[in-house]
Amino acid sequence: MSEIEIGRLLRSGTTGFVVGCKVNQLNAPSFGAMVRVPLEAQYQVYGVIYDIHIEDDGLVRQLITAQDVPEEVLKDNRENRNVPVEIGVLALGYEQGGRIFHLLPPRPPLSLDAIFLCSSGEVAHFTGEGRFGYFRHILRDRDKPIEELLAAHLYQARAAQVDAGNEAWYQMAVGELITLMRDDYQGLIKTLSAVSEI
Amino acid sequence: MFNSHLETNGNDMSEQTVSTSEESHKPIGYIIGGGLKANLQARLTVPAQKVQEGAFVVVESGNWLFYGLVTDMQLGSTDPRFADEQTETRLPPELAKLLHGQTLFTNLEVMAALMMEQGPDMNEDPEAYQTWFQKVMEEEIRPEPVKTVPQHHAEVRLAGAGDIAEIFGKEGEKAFFRIGDTIEGGHPVCVNLDKLVQRSSGIFGATGTGKSFLTRVILAGLIKRDKTAVLIFDMHNEYGPDDTASDTGMRVPGLKGKFPSKVRMVGLGRGATIRGKTPDYTLEIAESDIMPEDILMLSQELNLRETTPATLNALFNKFGRNWFHEFKNMRPHAVQEDDEGNKVPADDSIEAWANEANVHQLAAIGLHNKLNRLFDCPYIVENPAGDALNQMINNLDNGQHIVLSFGDHEEDLDYLFVSNLITRRIRDVWEHRTNNFRSGHQGATEPRPLVIAVEEAHKLLNREMASQTTFSTIAREMRKYYVTLLIIDQRPSQIYDEVMSQLGTRITGWLGDSDDIQSVLTGLAGRDALRGMLAHLQPKEEVLMLGWGVPMPIVVHSRRYDDAFWEELLEKKDRRSNRDILKDIGF
Amino acid sequence: MPVNLLDIQKKLKGFGAQALARKEEIAVRQKEVTDLIQGYAHRLDELKARVSYAADVVRHLRCALPVDEPLDTVVPKPPLPKKFTVMAADGSQINPSRHAQVAFCVINVGLIKMVRGSGLTPEIFTQSQLLDYDSLFTPSGVLISEGMVALKRDLREREALADLAEDLLLPAISMTDGPLELYREPQETREFEKTLDQYLGVLKRLHEQGLMTLGYVDKPGSSLIGQLLELVELSDQDLEAYSHRQRKFAGVNDVSLLSDLLVNPGDRSAIFAIHSETSQRFKGDLALHFFYLNVGTPGKTHLARVEIPAWVACDHDLVGVLQAVLTEQTCIMGSRPYPYILHRAHEVAVVTLPEHQHVEEMIVAEFDRRGISVDEKSNKQYHKDLDRTKTRYQG
C-alpha cells in the first residue's frame, strides 16, 4: 500500500469530496490520479482527482504586483503559507472486505480523513476489477472536463496495468468508453482526441 | 470478462481470409433481427472479408440449429457521422481501429433455410443424448424447413464440415456424391444422386463457366453410382472420347476411356468415326421409324408451312409407316403422257399423289422440297444394317450407358431430329414397360431409371417446341415412367417456363443475362436473395445449387474435372473383384 | 437604512469647505517649516542646545533630536548584501473578556526567519502562551486592560526574536511592527515598569547577539521634526507656555515635510534621536533613534519611519544594510509597500475565531473536570458567535 498522504478531507458528499492540502504536498497528486481514503478496517473509498484548485488570497494578489519575487519568498508562499489548495475528487467506488465495488460509496469520508495516493498496484487492482463500471461516475458529470480526465486517467491506469502485466487493459478500456459514448458523437470524438495525445 | 465483440473490427482490411476447420466454430456474428418473411439480420463481428455472399452459416439458438445462406452484406454505423468522417486521419491507428470496431459494422442478411434440433450435451445427460442420437440415426430428427426464428443474439458461425455433411450428406455414404466444396471453409458439399435423378434437373451457366466439366463430373458420378442408365446426346462429341480443353489445351478424359465396359459410344450414321475413333456401333434410322410428328417438330428448322400437318397426315394415311420412304421417292413435277398423248402428272409424281389424296399440289411439292434435307441425310436409310436403336435400349437396360455422338452431323436439324426421335422411341418403351410392371404382367420387371442428358436444351425445349417434343413431356412427368432429363444449357431463359419450373435440381454457374437468372429461379422461394448471389458468382468454377433436389440453396466451388477427380472417383478400383476388373476390360 | 444620507448630504458642503480651508492653512505652515529646515540644516548644535533648554521648561516634550547629519540629508539606498538574515515577529492576543465563559488570555507570537541568498524556505514558528490565571487580574481585582496585554505581547515579540537569535548568519535584521519605544498609558504603572525593564533586557540581549532590531512604523503621523523646529521659532517666554496641545505648526507632519526630499525609492532621511519622557529610559547603546525611508515606487513616494537603537544608528554601514534590506522587503509587496516578512509574521500570529473558540472550549473542559463552575457567555457574545459561515460540498 502506498503511504503518500496528499492531504485531508475538507468536505464530502456521496459523489465525491474535496481534499485540502499544503502547496508543498502538491507535487504528489496530479490530475487524473487515483486516490483512496481508508475509513475503517476493510473499507476504503476510491476516487479520481478531477480538479486541483489553488486559491489566491490578498497576499498572493499583492505579491504579483511586485517586479521581483525572491526565491525564498516563493518558497515561503508555497510551503509555509496556509494557502488553500483544494483537490476535487470524484468517487469511483470502494473496497469492502477485500472486494472492489464500482458503485458509489455507501458512506462518504469524514472531515479531516487522510487521503492517500493509490500505488500502481492499487490502481491496477481497482481498474482491473469488473467491467469498467466506474466509467459511469466519470461520464455522469458533463460539467467537468471529462475528456481530459479520461485521457489522464487512462494514461496513468495503462501504466499501472502494464506494470501488472495486463497489456490488453488499455484497448479494452478504450473499447468500453467507445461503447458507452458512441451515442454522443461530439463527446466521444473529443475524448478520443484527448486520449490520442497520451 | 469482456464482451468478445469488443475486440473485433468489422472493417479491418488488413486481415486475410483464413478458413480452417477450427475457425468454423468461432462465431462470426450474432442475430439482431429479421423474421420468417424477411431474412434474418446478423451483426458481423469478424472482418467482412471473412464472409462472402452465399456463405453457408449456422445459427445456434438454444436447442436448435438454423442453417442459412448469406444473401447480402450491408455497411452500417451507429451514427452516420462515424461513417462520414474519416476519423482515421485524426486519430492514431490503434484508436481509430477501436472506434471503427465499435461504431462501424457490417450486417449480414441470412436466408434461413433449414433448422434441426440439437442433441443434449453428451456429458451432462448421456441417456438423453443416446435417445436423441438414435432418432437422428433413424432419421426421425433431420433438418426441416424453417418454421420459427432464432433468439436475439444467437450466435452465427460459418458452417463446418460436420454441418455441411449434416445437411448435404457425407461423401461416400449412400448416394451422396461430392459436387464441390463450400466457398469459405472448403468443406465438401454433396448431392444425393438418387434424388437428383428423381426429377429432371438442369445445369446452367454462360459459356466458359465450366458447365460441361460439371456435367462430366455428375455424369461420371451417376455412372459410378450405377443405379441409373444414362443416355447422352453428345452433339459436339465431348463426352465419350477424350478431348482437349479449348481454353487450357489440357487433355480432358472422356467417359468412354474411364468406363470402357460401362459406356457404349454410338456413332450416327454408317462408318461414323468420332474424333478418329470407331464407335462401339453405329446408329442408322430406319425410314419407317420416322413419324409425322418428328417432322412437325422441325417446323421451325425447316420453315414448314401451316399446311404441313394436313399433308403429312394424308401421307401417313396413305402409306402408313412407309410414308417417308414413299414420299422421298416421289418425283416433283414428273409428267407422263396419257393415252391421249396429253402430259399429265406421272404416277410417281407428287402432283399425282396430291390429286389422289386431295391435297394441295403446291403444298405437297413445297413440303417435299423442304424435306430434301432429311431425304439427303445419310443416316436415314430404308433398311438399317442392324437394329441399333433396339441395341441402345438393350444396353441401357443392361446397366450400360450410351453416349450418342453426332459425329459430323452437327447441324441443329440433325440434333433436333435424332434426339427427339430416339427419345420418343425410348420413352415409349419405358412407358410400356412401366405399365406392364405396374399392372403386374408376368415376367415384367421394374424398368431401370434412365437419365437423358441433353445439351443446348433450349433448342428442344423452347416455347415453340415444348408442346411438340417428348422432352417436355418427360420433364413434366417427373419420374412417372422412370425417365428424367438432365438438361444443359447456357440460355435458360429460352427454355419454356413450364419446363423450367418442373426442374427438381438446378445447378447454375455465372449467368450474365438477367432474363437467364430470372429463369433459373423460376418457381423457387427467396428468389430476390438468390438473384444477387447468382449475379455475383465467380465466372469460373463457382456454382449455385438450388431447387427441390438439394436441402437448401448453396454456393459451391465446383469440383475440378481432372486426374485427381478420377483418382478419387475410382480409388476403390484395387479393392474391386477380379470379375469387375475383367468386365471393365471387356470380357 | 441605518444612516440617513439626507442628513449627511446637508452638511457635506460645509464639511468640504472646512477641509479645504484647513489644508490651505497647513500648506502655509508647511512652507514655513520647510524654510526652517533649509535654514537650520547645518545648525545642529543650536538645535541640540535648544532641545536641551526646552527639555527643562516644557513638560512631556517630545521631538526629534539631530545627531550628526544635516536636517536635509538624503542617503540613497546602498546595494543589498549578497546574503543576510532577516527576521520578524508579530503577536496577536486573545484579550480576557468579561463576556466570555471564562477569563483567559493568550498571546500568540508568529516568527519568521528568512536567509536571503540561501534559496532555502523560510522557517516559521509560533509561540502560544496562555497567561497565568493569577496574572489576569490587577491588584484591585479587575481584569487587566487590553493595553497591558498589548504591552506583554510587545515584550513577547522581542523575547521570541531573542530566543531565535543564536547562530545567525550575519548581517541579521529583526523587525517588529510599530515603534521600538513602548508608548502606553497604562494605569498599572508598577506592572509597566516591570515589563519595561524586561523589555530593555531583551533589547540588550539582541544587541549582544548582533541582531539588529528595528521598529517599522507604516504611515507615520508623527511630527517630531516639526516639533523640533517649533522650539527654535518660539521665544523663551512662549516656550514656557508651550503645550503640545496647542502647537504652532499643528498639522504639519514629518512625512509631508520630507516627501519632496526623499524622492527616490530607498532614500533615507537623516538619523535623529527621539527626545521623549519614555525614551529617556533607553540609554546608551539602546537609545532610540529613527529615520524616514522612502519605500515607495518611482513617482510614488511612500515614507515609513524606522526606529532603531543607538548601536545601529551610530554605525552607518549597519544602517546601510538595514536601509537596503527594508527597501527590498517592502518592494516585494509591490504596489502596497510594507515589509513582506513582517506581514508574514502577522499572518502566522493571527488567532482566528475558530482557534479562539477551540482554546476556550479546552479551558472550559478543564474547569469542568475540576468542578469549577463556569459562567454562561454573555448574551452579547452568544449572538456574535451565531454568525458563522460554513461551506457545503458541491462536487
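User: How is a salt bridge defined, and how many does the rule find across the interface of chain C and chain A?

Analyst: A salt bridge is a side-chain nitrogen of Lys or Arg within 4 Å of a carboxyl oxygen of Asp or Glu, and by this rule 2 are found between chain C and chain A. This is a predicted model, in which local features need pLDDT of at least 70 and side-chain atom pairs count only at pLDDT 80 or more, while totals for chains, interfaces and linings use all residues. Residues are numbered from 1 along each chain as its sequence is written, chains are lettered from A in the order in which they are written, and side-chain values use heavy atoms, with hydrogens and water left out. One salt bridge joins C:Arg344 to A:Asp76, with the closest N and O atoms 2.4 Å apart.

User: How is the size of an interface expressed, and what area do chain C and chain A bury?

Analyst: Interface size is often given as the accessible area lost when the parts come together. Summed over both parts and computed with a 1.4 Å probe, the buried area of chain C and chain A is about 1900 Å², with 56% of it on carbon and sulfur atoms. Counting contact as heavy atoms within 4.5 Å, chain C contributes 27 residues and chain A 26 residues.

User: Which bridge partner does C:Ala64 have in S7(C)?

Analyst: Strands are DSSP runs of E with at least two residues, numbered from the N terminus, and two of them pair if DSSP finds at least two bridges between them. Strand S1 (residues 63-66) of chain C pairs with S7(C) in the antiparallel sense over 4 bridges, and the partner of C:Ala64 is C:Ile274.

Conventions
Buried area is the accessible area (1.4 Å probe) that two parts lose on being put together, summed over both.
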